[in-house]
Amino acid sequence: MLAWSAPTAALAQRAADLRQVEIVSLSVRIDASGDEFKVIDARMDETATAAVFFGLVGATINSAANAAEDDAKADPLRPTAAALPLEQLIGDALRARLASRNTIALAASPQDASHTLVVEIGDWGLIRRAQRPDTFVRPFLKLNLSLLDARGRPVWGPQREHSISQTAAELSAFTPETFRLEMEALAARAGHQVANRLIYR
Amino acid sequence: MLKVVSALMLAGSLAACATGTTNLTLAAPQARPGVLSEAPATTLDVPAIRDARQNQTRIGDKRNGYGMVMGAVGTTQPPAATVEAAIEGIVAANNHVLGGESARYALQSTLNTFWFDYRTGLVSVEFFGTVNAEVALIDRTTGAALYTETVEGYYSERTGGGLSQTWTRIMNGALADFATKLGNSEGLKEAIAATHAAPAAPAAADAAPTS
């Protein structure tokens with residue numbers, strides 16, 4: 001009985017709504033270990049035709065071909081993408097926005113925090129705006145948010161936070177410089193969005 | 001015999017479910033105050049939303065295991081009306097006043113995407129919904145768009161499976177995310193606040209450059 005109840009007691013109550021969590025002081029951790037820069041263009045047109053005619057193998061080959069086509073489109077922007085400090089841009093914007101409103105205290109160190117907001121960076125890059133015939137792409141950024149208590153137990157989340165840029169254009173219009181500027185602006189905007197979700201929870 | 005009839009009825013109900021149109025009854029989210037509440041109270045009209053979706057007959061497809069479209073997912077109310085209600089809710093929840101056609105400022109929107117979809121994995125299904133609209137703050141005295149923003153709400157869940165109840169939850173989640181993002185728009189807040197700024201004093205005639 002003891003062996004059964006011990007791990008159960010260690011589990012924290014996970015809140016469905018962020019409002020149910022009383023945050024006294026917050027630490028922010030940005031996790032970029034799983035981030036992946038992508039161009040999503042050909043992959044958006046993926047249909048079931050290959051699967052219908054050639055089964056799972058056909059679908060896999062078709063999917064790989066689309067991914068390879070998109071990878072080739074991403075290649076010119078890869079050096080710029082690799083140099084973008086997304087982690088820092090998101091974290092700085094998030095902390096600055098929280099500090100400006102002063103409704104949630106930022107902890108001096110993670111050890112002092114009642115809660116830790118974990119922001120995991122997922123896929124990001126350029127995605128086609130809509131189905132064809134639209135050929136414009138726009139920068140996008142996917143984040144996964146979760147909140148841990150002082151003992152590191154998840155109390156809220158994971159929740160996905162998707163951000164898109166206001167700028168859409170043909171892929172060729174995204175030079176390394178314009179792409180860098182757009183992604184920097186989007187990362188800062190995403191950081192503000194996350195902070196605003198906490199402030200106005 | 002009973003088993004055969006039961007099996008036939010189950011197969012029939014599943015086939016109908018997969019091939020017909022399932023209409024979801026969606027609800028505008030309960031709006032909460034956000035960044036827009038930081039702007040001074042302003043009277044804003046929310047006129048009917050222009051529906052610019054590529055396919056206006058459905059909000060999603062029902063596909064079989066091979067991905068072939070078998071049926072449609074629709075809504076009992078036009079999606080534009082639900083999004084309009086969501087925007088009205090955000091205006092009111094942020095201490096602004098819903099005005100009529102005579103209001104000087106309007107939040108004019110174009111609905112671009114209202115789509116439910118899913119990806120089937122080996123042991124789970126990921127459902128996701130997207131609501132995307134361009135929202136513009138219009139000054140009706142000049143017809144000028146003072147601010148324009150594309151707002152996209154997104155919601156996803158990975159579960160073992162689900163039917164209309166799950167699909168409704170997904171689309172309501174996307175609507176809620178759309179409303180939250182609009183309510184937390186810093187650009188729109190600044191544009192609304194700017195409508196209260198005192199107009200700049202006209203330049204004195206003798207200050208004009210002369211050639």
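Student: What share of the contacts in chain B between residues at least 6 apart in sequence join residues at least 24 apart?
Tutor: Please keep in mind that this is a predicted model. Among those contacts in chain B, 76% join residues at least 24 apart. For chain A, when contacts with a separation of 6 or more are taken, residues 24 or more positions apart account for 74%.

Student: How much of each chain counts as buried?
Tutor: In chain B, 36% of the 211 residues count as buried, while in chain A the figure is 30% of 201 residues.

Student: Let's look at α4 of chain B. Which residues there are buried?
Tutor: In that helix, which covers residues 186-194, the buried ones are B:L188, B:A191 and B:I192. Looking down the axis of α4(B), you find its buried residues within an arc of 100 degrees, so they line one face of the helix.

Student: How do β8(B) and β9(B) pair?
Tutor: They pair in the antiparallel sense, over 15 bridges, and B:F127, for instance, stands opposite B:E157 in β9(B). The two strands form a hairpin with four residues between them, and in the turn B:G143 has a positive phi of about 80 degrees.

Student: Switching topic: which residues touch the most other members of the largest nonpolar core?
Tutor: Those are B:A86 and B:L175, in a core of 48 residues. The elements of chain B that give two or more residues to this core are α2 (79-93), β7 (105-120), β8, β9, α3 (164-183) and α4, and α3(B) gives the most, with nine residues.

Student: What does B:A86 touch, leaving out residues up to four places away in sequence?
Tutor: With those left out, B:A86 touches B:A28, B:P29, B:L175, B:F178 and B:A179. Another core, of 38 residues, lies apart from this one, and among its members are A:I23, A:L94, A:L147 and A:W156.

Student: Now B:N94, please. Where is it found, and is it buried or exposed?
Tutor: B:N94 is found in the loop between α2 and β6 (97-99) of chain B. B:N94 is buried, because 26 other C-beta atoms lie within 10 Å, and the cut-off for being buried is 20 or more.

Student: Which residues does B:N94 touch, if we don't count those up to four places away in sequence?
Tutor: B:N94 touches B:P33, B:G34, B:L36, B:S37 and B:G183. Take B:L36 as an example: B:N94 and B:L36 are 58 residues apart along the chain, yet their C-alpha atoms are separated by 5.8 Å.

Student: Last one: how many residues does each chain bring to the contact?
Tutor: The contact takes 18 residues from chain B and 15 residues from chain A. On the side of chain B that touches chain A, the elements giving two or more residues are β9 and α3 of chain B, and β9(B) gives the most, with five residues. Sorted by class, that side of chain B has five nonpolar, eight polar and five charged residues.

Terms used:
Residues numbered from 1 in each chain as written. Chains lettered and ligands numbered in written order. Predicted model: local features only at pLDDT ≥ 70, side-chain atom pairs only at ≥ 80, totals over all residues. Buried ≥ 20, exposed ≤ 12 C-beta atoms within 10 Å, placed from the backbone. Arc of directions from axis to C-beta. Core = buried A, V, L, I, M, F, W, Y, C linked by C-beta atoms within 7 Å. Contact = placed C-beta atoms within 7 Å. Nonpolar A, V, L, I, M, F, W, Y, C, P; charged D, E, K, R; others polar. Pairing = 2+ DSSP bridges.
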